[in-house]
Amino acid sequence: MTESESESEGDKKIFVCLVSNGVSDHQQKTRQSRALTILQAKHLPFVEVDGMNPEHRESRDELFSISGIRGNYPQFFFVHSNGATSYFGNYDTLEELNETSSLPKDVLDAHPNFETWDKAFRDVVDSF
């Protein structure tokens with residue numbers, strides 16, 4: 001699937017958050033907690049995959065394969081209505097999007113190419 005197909009208007013998608021409830025790295029733990037707080041505050045529906053949970057091992061490995069990044073949490077993905085999964089980004093991606101979305105409307109209007117929370121997540125659903 002091409003990027004344009006996966007991001008087409010009206011493409012319903014599920015947001016997936018790959019975390020590790022056993023992460024010991026302080027920075028990853030802090031970023032993971034902050035990311036989950038942002039998602040909950042924004043009332044964005046998401047599916048949480050715990051990379052430490054043996055029941056999630058197959059999903060975790062599939063997501064690692066898609067992102068090309070192993071053992072670094074959190075990671076974010078979209079599962080599209082056609083069944084394809086795409087990598088959205090890491091904590092930095094989510095944080096930048098959150099910050100951009102808080103810019104004044106006149107700044108956003110002057111820069112329509114800026115990715116905002118509403119643009120990125122407008123087609124997110126909790127299930128198909």
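These legends go with a set of close-up views of a predicted model.

**View 1. Phe15 meets Phe121 edge-to-face.**
The ring centres of Phe15 and Phe121 are 4.9 Å apart and the planes stand at 75 degrees, so this pair counts as edge-to-face. Follow the chain from one partner to the other and you cover 106 residues: Phe15 belongs to strand β1 (residues 13–19), while Phe121 belongs to helix α6 (residues 117–121). Phe15 has a relative accessibility of 0%, so it counts as buried. Phe121 is buried too, with a relative accessible area of 6%.

**View 2. Phe121 also pairs with Phe88.**
Here the rings of Phe88 and Phe121 sit 5.4 Å centre to centre with 50 degrees between their planes, which makes the pair tilted. Phe88 comes from strand β4 (residues 85–90) and Phe121 from helix α6, so the pair ties together parts that are 33 residues apart in sequence. Both of these residues, Phe88 and Phe121, are buried.

One cluster is made of Phe15, Phe76, Phe78, Phe88, Trp117 and Phe121. Two lysines are worth a look here as well. Lys13 has its charged end over the ring of Phe78, 4.4 Å from the ring centre.

**View 3. Helix α2 has its buried residues along one face.**
Helix α2 covers residues 26–41, which is 16 residues, and it reaches 22 Å from its first C-alpha to its last, close to the 22 Å expected. Which residues of α2 are buried? They are Gln28, Gln32, Ala35, Leu36, Ile38 and Leu39. Looking down the axis of α2, you find these buried residues within an arc of 160 degrees, so they line one face of the helix. On the other side of α2, His26, Gln40 and Ala41 are exposed. The cover over the buried residues of α2 includes β1, β2 (47–50), β3 (75–80), α4 (91–101) and α6.

**View 4. The two ends of α2 each have a detail to spot.**
At the start of α2, Asp25 reaches in with a side-chain oxygen, to within 3.2 Å of the backbone nitrogen of Gln27. Just after α2 comes His43, with a positive phi of about 60 degrees. His43 takes this positive phi although it is not a glycine. You can find His43 in the loop between α2 and β2. Is His43 buried or exposed? Its relative accessibility is 69%, so His43 counts as exposed.

**View 5. Leu44 is a buried residue in a loop.**
Leu44 lies in the loop between α2 and β2. With a relative accessible area of 9%, Leu44 is buried. What does Leu44 touch, leaving out residues up to four places away in sequence? Its contacts are Phe15, Leu39, Trp117, Phe121 and Val124. Two of those names, Phe15 and Phe121, are the partners from the opening view. Another pairing to look for is Leu44 with Arg122: these residues are 78 apart along the chain, and their C-alpha atoms are separated by 9.8 Å.

**View 6. Tyr73 and Pro74 are joined by a cis peptide bond.**
The omega angle of this cis bond between Tyr73 and Pro74 is about -5 degrees. To find the spot, look in the loop between α3 (57–67) and β3, where Pro74 has its place.

**View 7. Helix α4 starts with a cap.**
Asn90 caps the N-terminal end of α4, with a side-chain oxygen 3.0 Å from the backbone nitrogen of Asp92. Further into α4, the buried residues are Tyr91, Leu94, Glu95, Leu97, Asn98 and Thr100. Among the elements covering them are α2, β3, β4, α5 (105–110) and α6.

Glu95 has its place in helix α4. The relative accessibility of Glu95 is 14%, under the 20% cut-off, so this residue counts as buried. Setting aside neighbours within four places in sequence, the contacts of Glu95 are Arg34 and Ile38.

Methods:
Residues numbered from 1 in each chain as written. Predicted model: local features only at pLDDT ≥ 70, side-chain atom pairs only at ≥ 80, totals over all residues. Heavy atoms only, no water. Phe/Tyr/Trp six-rings, centres within 6.5 Å; stacked < 30°, edge-to-face > 60°. Helix = DSSP H or I, 4+ residues; strand = E, 2+ residues; numbered from the N terminus. Buried < 20%, exposed > 50% of the residue type's maximum accessible area, 1.4 Å probe, protein only. Lys NZ or Arg CZ within 6 Å of the ring centre and 35° of its normal. Expected span 1.5 Å × (residues − 1). Arc of directions from axis to C-beta. Contact = heavy atoms within 4.5 Å. Polar contact = N/O pair within 3.5 Å; in protein donor to acceptor, adjacent residues only side chain to side chain.
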